[in-house]
Amino acid sequence: WGRGAGGEPRLAVEGWELPCGDYTWCARPRRGATQGRPTSGTLVLGRVIERKVISDFLSTLKNGKRMREQCEMMRRSGMHSITYLVQGNLGELESASDRDRLHAKMSELEVVSGFQVTHTKTAELTYMYVGKLTERVRAEFSTLSVRDALRAPGLVTYAELGEAARPPKTVASTWARMLCHIPHITPHAVENLAVHWPTPLDFFRALDANGRLFAEDVLDPPGKRPKNSERLHRFFTADSYAPAEG
């Protein structure tokens with residue numbers, strides 16, 4: 001981080017695929033480090049920034065599920081400092097309702113989610129903001145020994161960050177993946193089965209209660225539903241499985 005000959009801000013960055021957020025700060029061993037790629041010894045230094053230009057922010061608000069997923073991933077990351085940065089001139093929005101929605105969501109992110117919310121009007125001001133944070137991170141860690149640095153809050157390896165940010169596995173998601181391995185069942189049918197019976201317990205209760213045609217209304221195609229339901233029933237109740245087709 002510094003300035004060029006003409007006074008323009010310069011910020012040295014590397015492009016990695018981050019498990020969550022758009023910017024973070026890392027430390028790597030002096031030996032074995034590869035530029036542009038995290039290593040097993042790469043440490044994430046407790047801060048992450050999610051940056052949204054105003055148009056992207058509005059689009060994300062319309063897709064509420066995507067925004068919830070992004071926020072949940074950052075919350076699970078274990079970072080002690082999470083910043084949601086909105087870039088652009090809010091005053092230039094023609095729609096007053098859009099401005100109100102953005103202000104309301106920014107307040108919610110700060111008050112409810114506990115994120116630090118920052119607004120910059122231009123890309124250059126965003127660079128300046130990230131550069132100042134870079135100076136702060138450098139100051140925090142430059143005087144610490146390796147042992148003391150490893151005790152800093154929110155410090156995790158790059159691999160640990162990915163594991164923490166990943167959505168937790170649920171019984172329903174694991175069950176859906178298992179259903180994908182049943183012969184002759186289409187992806188659409190798997191989706192229907194997982195929606196109707198989201199756990200193995202739900203599935204086997206229906207199978208026991210309704211017999212061979214228990215899944216007739218769930219499977220496809222329509223003309224083969226009874227046959228496919230009988231085949232599915234046989235798959236789970238047969239004493240032995242038929243040999244795999246070569």
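Guide: Heavy atoms within 4.5 Å of each other are what we call a contact. Welcome! This is a predicted model, in which local features need pLDDT of at least 70 and side-chain atom pairs count only at pLDDT 80 or more, while totals for chains, interfaces and linings use all residues. Residues are numbered from 1 along each chain as its sequence is written, and side-chain values use heavy atoms, with hydrogens and water left out.

Visitor: Happy to be here! How many helices and strands are there in the chain?
Guide: Both are DSSP runs numbered from the N terminus: helices are H or I runs of at least four residues, and strands are E runs of at least two. On that basis the chain has ten helices and seven strands.

Visitor: And what percentage of the chain's residues count as buried?
Guide: Buried means under 20% relative accessible area, exposed means over 50%, and partly exposed lies in between (1.4 Å probe, protein chains only). Of the 246 residues in the chain, the buried part is 35%.

Visitor: How are the axes of H1 and H2 oriented: roughly parallel, roughly antiparallel, roughly perpendicular or oblique?
Guide: Axes are lines fitted to C-alpha atoms, for helices over the stretch in contact, with angles from 0 to 180 degrees between N-to-C directions. The axes of H1 (residues 54-62) and H2 (residues 64-76) come within 5 Å and cross at roughly 105°. Angles under 35 degrees count as roughly parallel, over 145 as roughly antiparallel, 65 to 115 as roughly perpendicular, and the rest as oblique. H1 and H2 are therefore roughly perpendicular.

Visitor: How do the residues of the contact of H1 with H2 divide by class?
Guide: H1 brings Phe57, Thr60, Leu61 and Lys62 to this contact, and H2 brings Gly64, Met67 and Gln70. Ala, Val, Leu, Ile, Met, Phe, Trp, Tyr, Cys and Pro count as nonpolar, Asp, Glu, Lys and Arg as charged, and the others, Gly among them, as polar. The residues of the contact divide into three nonpolar, three polar and one charged.

Visitor: What is the make-up by class of the contact of H1 with H3?
Guide: The axes of H1 and H3 (residues 96-111) come within 11 Å and cross at roughly 80°, which means they are roughly perpendicular. Ile54, Phe57, Leu58, Leu61 and Lys62 of H1 meet Asp98, Arg101, Leu102, Lys105, Met106 and Leu109 of H3. By class, the contact has seven nonpolar, no polar and four charged residues.

Visitor: Which residues form one aromatic cluster?
Guide: Tryptophan 197 and phenylalanine 203 have ring centres 5.8 Å apart and planes at 85°, so they make an edge-to-face pair. Both residues are buried. They belong to one aromatic cluster, formed by Trp175, Trp197, Phe203, Phe204, Phe214, Phe235 and Phe236.

Visitor: Which helices do the buried residues of H9 pack against?
Guide: In H9 (residues 200-210), Phe203, Ala206 and Leu207 are buried. Seen down the helix axis, their directions from the axis to the C-beta atoms fall within an arc of 100°, so they line one face. The face turned away from the buried side carries the exposed residues Arg205, Asp208 and Ala209. The buried residues pack against H7 (171-179), H8 (187-196) and H10 (225-237).

Visitor: Which residues does a cis peptide bond join?
Guide: Most residues other than glycine have a negative phi, and most peptide bonds are trans. The cis bond has an omega of about -5°, and its proline lies in the loop between H9 and H10. The residues joined are aspartate 220 and proline 221.

Visitor: Last one: which residues is valine 117 in contact with, leaving aside neighbours within four places in sequence?
Guide: Valine 117 lies in E6 (residues 116-120) and is buried, at 16% relative accessibility. Its contacts beyond those neighbours are Tyr84, Met106, Leu109 and Glu110.

Note on methods: Rings of Phe, Tyr and Trp (its six-membered ring) pair if their centres lie within 6.5 Å; planes under 30 degrees apart count as stacked, over 60 as edge-to-face and the rest as tilted.
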